[in-house]
Amino acid sequence: MMMVSLLKTFWVVFLHLFRKRETILYPEQPVPLAPRYRGRIILSRDPDGGERCVACYLCAAVCPVACISLQATEDETGRRYPEFFRINFSRCIFCGFCEEACPTYAIQLTPDLQMSEYQRPQLVYEKEHLLISGQGKYPGYNYYRVAGVKIGGKDKGESEHEKPPVDLRSLLP
Amino acid sequence: MTEPALAIVILIGVLLVALTISAFLIWLERRLLAVWQDRYGPNRTGPFGLLQVVADMIKIFTKEDWIPPFADKPVFVLAPTIIMITVLLSFTVIPFTPVIQVVHLNIGLLFFLAMSSLGVYSVVLGGWSSNNKYSLLGSLRAAAQMLSYEVFMGLSVMGVALIAGSFDLREIVAAQRRLWFCIPQFFGLLIFLVAGIAETRRLPFDLPEAESELVAGYHAEYSGMKFGMFFVGEYLGITLISAMIATLFFGGWLGPGLPPIVWFLLKTFCFICFFVLLRASLPRPRFDQLLAFGWKVMLPLSLLNLLATGAVVLALQGKG
């Protein structure tokens, strides 16, 4: 009885010779990552190609390791954007809080984890490294199109789904 | 070629082949274990990861050769060499082919048994001189295990010796020309196999070095090439037992078509793979189970096998 069970064990283990290997041969074979994997952080652009980031500091405020630093500024049309935007990836813990806090879908985490460097300072990414040309995970969203804020070329009440502002001096309904 | 020159060539050849095989067993075992666990194993260094052996050797040679201050120094240094010496000496009597055999002893089988008995000293002294409780426990276990399983190992090969009518390994192989001894000596083969595993302290009988209980058992204090010698000694032991199984039960170099040396190496290789398969598939028994199995199952079985074989041989003699 014991012999039979032993032989069965050998046979079952031997059959594993013909099974598929579970190992992913990583550098040659890419690792399958979920679309919502929290990897390298990027800054996206809106459909018109403008920066989505409005430099509200919410990401920097929520960041538990304080690895995001930025400086807000405005262009001549009154549109806010970060003067610089710096993420220190040697501190980043990829928690995704910045993405959750972002009101404009500007900051996003991407399924990319291949960001090793030989020197720590090279892990500090500036805006030119972070900013991508596309829209990332939220195509079609344009903050300044739907927000009521007034910028150059767009007055109050001209946003999508927005009614013209109420004339406070008129008594008519 | 003159006789002594040929002998020296064979001697060096056997030494090199034995050491090379046991070194590549490091790679083979890891690779096979990985395959049986749905992994790849070492495949980065060189073709199929074969240069892993070289990497491991460089590593083990450049490690600090540390002797603990509390150890018994001479014995501590001596212990790992004993296992290498005894196993390599055992290789001298193995007939690889009718020509390739270092020493043609007419008591080759007894010499093999004697050498495997001496191998116990290595493990026991290694654990003893380490002056470490886990090492000592490991070597105590090794002593009990190897001494008890030696008994059945000796008794199981007696059946072979009875049928072949000789202790000369070359004659034993020659006696298998008609029928390999694995059929008339099936129980002998089983017992020898189990005893061989216990003798080489391989899984599932690796209680002397059970990682989960005894750290590394008798070689817990060893590092560098001293540990490497225990390590290579173990792999040499596997090769030796596999070669002995091939010699005693599977007709050694005998086989159709291919040259004798190829047959011998092929058979040995199969048993080495079987040893790895054993490691991949079986859990480790408790120590009392191990000894109870030895004395209550293996000993009666080997005695019965010897009795039956002797009776059959006598009956056939009486007829002929």
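**Exercise 1. Find where A:Arg36 lies in chain A, and decide whether A:Arg36 is buried or exposed.**

Step 1. In this predicted model, A:Arg36 sits in the loop that joins H1 to strand E1 (41-43) of chain A.

Step 2. Count C-beta neighbours. A:Arg36 has 11 inside 10 Å. The cut-off for exposed is 12 or fewer. A:Arg36 therefore counts as exposed.

Step 3. Check the partner across the sequence. A:Thr110 is 74 residues apart from A:Arg36 in sequence. In space, the C-alpha to C-alpha distance between A:Arg36 and A:Thr110 is 7.0 Å.

**Exercise 2. Describe H1(B): its span, its kink and its buried residues.**

Step 1. Take the span. Helix H1 of chain B covers residues 3-36, which makes 34 residues. From first C-alpha to last, H1(B) reaches 46 Å. That is close to the 50 Å expected at 1.5 Å a residue.

Step 2. Find the kink. H1(B) has a kink of about 30° centred on B:Leu25.

Step 3. List buried positions. Among them are B:Ala18, B:Ile21, B:Ser22, B:Leu25, B:Leu32 and B:Trp36.

Step 4. Relate the spacing to the helix. Residues three or four places apart point the same way, because an α-helix has 3.6 residues a turn.

Step 5. Name the cover. It includes helix H1 (2-15) of chain A. From chain B it includes helices H2 (52-62), H3 (73-91), H9 (224-249) and H10 (260-281).

Step 6. Look past the end. Just after H1(B), B:Asp38 has a positive phi of about 60°.

**Exercise 3. Characterise H11(B) and its packing against H7(B).**

Step 1. Take the span. H11(B) has 33 residues and reaches 46 Å between its first and last C-alpha, close to the expected 48 Å.

Step 2. Find the bend. H11(B) bends by about 30° at B:Met298. A proline, B:Pro300, follows within four residues.

Step 3. Check burial. B:Met298 is one of the buried residues of H11(B), as are B:Ser302 and B:Asn305. Helix H5 (133-164) and H7 of chain B are included in what covers the buried residues.

Step 4. H7 (residues 186-199) and H11 (residues 287-319) of chain B pack at about 145°, with axes 9 Å apart. The crossing is left-handed.

Step 5. List the contact. H7(B) supplies B:Phe187, B:Gly188, B:Ile191 and B:Val194. H11(B) supplies B:Met298, B:Leu301, B:Ser302 and B:Asn305.

Step 6. Sort by class. The contact has five nonpolar, three polar and no charged residues.

**Exercise 4. Count the residues in contact between chain A and chain B, and classify the chain A side.**

Step 1. Ten residues of chain A contact ten residues of chain B.

Step 2. The chain A side divides into four nonpolar, three polar and three charged residues.

Terms used:
Residues are numbered from 1 along each chain as its sequence is written. Chains are lettered from A and ligands numbered from 1 in the order in which they are written. This is a predicted model: local features need pLDDT of at least 70, side-chain atom pairs count only at pLDDT 80 or more; totals for chains, interfaces and linings use all residues. Two residues are in contact if their C-beta atoms, placed from the backbone, lie within 7 Å. Ala, Val, Leu, Ile, Met, Phe, Trp, Tyr, Cys and Pro count as nonpolar, Asp, Glu, Lys and Arg as charged, and the others, Gly among them, as polar. Axes are lines fitted to C-alpha atoms, for helices over the stretch in contact, and angles run from 0 to 180 degrees between N-to-C directions. Helices (H or I, at least four residues) and strands (E, at least two) are DSSP runs, numbered from the N terminus. A crossing is left-handed if the near helix is turned anticlockwise from the far one by less than a right angle, and right-handed if clockwise. The expected span of a helix is 1.5 Å times one less than its number of residues. The bend at a residue is the angle between axes fitted to the seven residues ending there and the seven starting there. A residue is buried if 20 or more other C-beta atoms lie within 10 Å of its own, exposed if 12 or fewer, and partly exposed in between; C-beta atoms are placed from the backbone.
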